[in-house]
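Reader: I would like a close look at one part of this model. Please take me through the surroundings of the ligand.

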Amino acid sequence: MESSQVAVIGSGLIGRSWAMVFAAGGFKVKLYDIAQQQLTGALENIRKQMKELEESGFLKGSLNAEKQLALISICTDLKAAVEGATFIQECTPENLELKKKIFAQLDLIVGDNVVLSSSTSCLLPSKLFTGLKHVKQCIVSHPVNPPYFVPLVEIVPHPETDPSTIERTYALMKKIGQSPVKLNREIEGFVLNRLQYAVISEAWRLVGEGVISPTDLDLVMSDGLGMRYAFIGPLETMHLNAEGISNYCERYREGMKLVLNTFGPVPEFSGETEQKISQAMSEKIPVVPKHLNARREWRDECLTGLAKLKKQMSSN
Ligand code: NAI
């Protein structure tokens with residue numbers, strides 16, 4: 001049985017979200033950062049978010065906001081932050097040297113029973129953890145922004161990660177209401193970003209080749225594919241769109257290959273197409289904090305509503 005204390009290293013966007021998710025799960029959280037000011041700002045932001053979530057009825061967990069807040073404490077001493085924790089979630093900036101330095105520091109002060117987990121979006125476990133004394137206890141738990149509303153966590157082991165580390169991380173993620181998936185080995189981009197980049201690159205080519213406008217391209221996803229992808233993945237989609245997978249392959253194998261063979265090379269993501277997409281997006285949402293933040297807030301409200309709907313639908 002896990003003890004109920006975790007440490008979150010780095011109190012930026014993702015660190016705050018993890019702290020909230022753990023507190024919602026009833027865990028005591030020690031939030032660590034290098035600057036006291038950063039931590040007080042983070043705690044203030046968490047308090048504000050929790051109060052708003054409580055008022056709108058979207059606060060996760062069985063405790064009220066005050067009780068969840070009481071579970072979170074802040075700390076600028078790394079050793080004190082990780083003392084007593086059975087799980088450490090690192091959320092510092094995406095910089096290999098910095099993260100390696102932090103894991104080397106942690107390696108010196110932790111015992112043999114804690115899980116050392118990184119939020120990295122794209123640094124491979126073999127780059128982050130190789131050579132650490134506690135490498136068997138190291139793992140990547142990659143969240144999706146915003147983790148409070150988008151529950152997926154990609155669990156990516158180092159080749160030397162102990163299977164018990166994977167299982168403990170998986171069980172913990174389940175326990176706090178996230179939706180973990182296990183990768184059997186590391187791969188560039190993990191899985192979520194590989195799928196995302198496949199979509200982005202074809203979107204870029206289609207707009208670049210003048211097949212469709214940027215705003216219509218986005219509609220194909222938000223009012224088309226995305227509608228069902230919120231509930232079923234691409235493989236189940238195949239299964240249901242015919243009489244099972246084999247029947248789908250029989251019917252669409254040649255057509256899919258024909259289309260896929262017309263895909264172009266990896267785009268440069270620069271030049272004329274960049275200008276075109278940037279202009280269209282900026283007309284819709286001007287690149288100034290006021291407009292970007294308003295749209296982000298709207299997106300998070302949509303995601304909150306979707307999370308609620310998914311919960312309702314799954315209990316039917
Ligand atoms: P951020 O820049 O908002 O926060 C980073 C925090 O780390 C700051 O509070 C900073 O003061 C702190 N920090 C800097 N040096 C430190 C040190 N030596 N020790 C402790 N804390 C230190 O970054 P964000 O967006 O929260 O990203 C954190 C990690 O999460 C990155 O690895 C990123 O790739 C990953 N991630 C980010 C997502 C996103 O959409 N922002 C999504 C999924 C993962």
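Author: Helix 5 gives the most to the shell around the ligand, with three residues. A helix here is a DSSP run of H or I with at least four residues, a strand is a run of E with at least two, and both are numbered from the N terminus. This is a predicted model: local features need pLDDT of at least 70, side-chain atom pairs count only at pLDDT 80 or more, and totals for chains, interfaces and linings use all residues. Residues are numbered from 1 along each chain as its sequence is written, and side-chain values use heavy atoms, leaving out hydrogens and water.

Now the whole shell. The ligand is surrounded by 22 residues. The closest are D33, Q38, E94, K99 and S121. By class, the shell holds nine nonpolar, ten polar and three charged residues. Ala, Val, Leu, Ile, Met, Phe, Trp, Tyr, Cys and Pro count as nonpolar, Asp, Glu, Lys and Arg as charged, and the others, Gly among them, as polar.

Next, the polar contacts, which are pairs of N or O atoms within 3.5 Å. S121 uses its side chain: an N or O atom there is 2.6 Å from a ligand oxygen. I14 uses its backbone, with an N or O atom 2.8 Å from an oxygen of the ligand. S11 also has a backbone N or O atom 3.5 Å from a ligand oxygen.

Helix 1, helix 5 (96-109) and strand 6 (138-143) are the elements that give two or more residues to the shell.

Key:
A residue is near a molecule or strand if one of its heavy atoms lies within 4 Å of it. A polar contact is a pair of N or O atoms within 3.5 Å; within protein, one must be able to donate a hydrogen and the other to accept it, and residues adjacent in sequence count only if both atoms are side-chain atoms.
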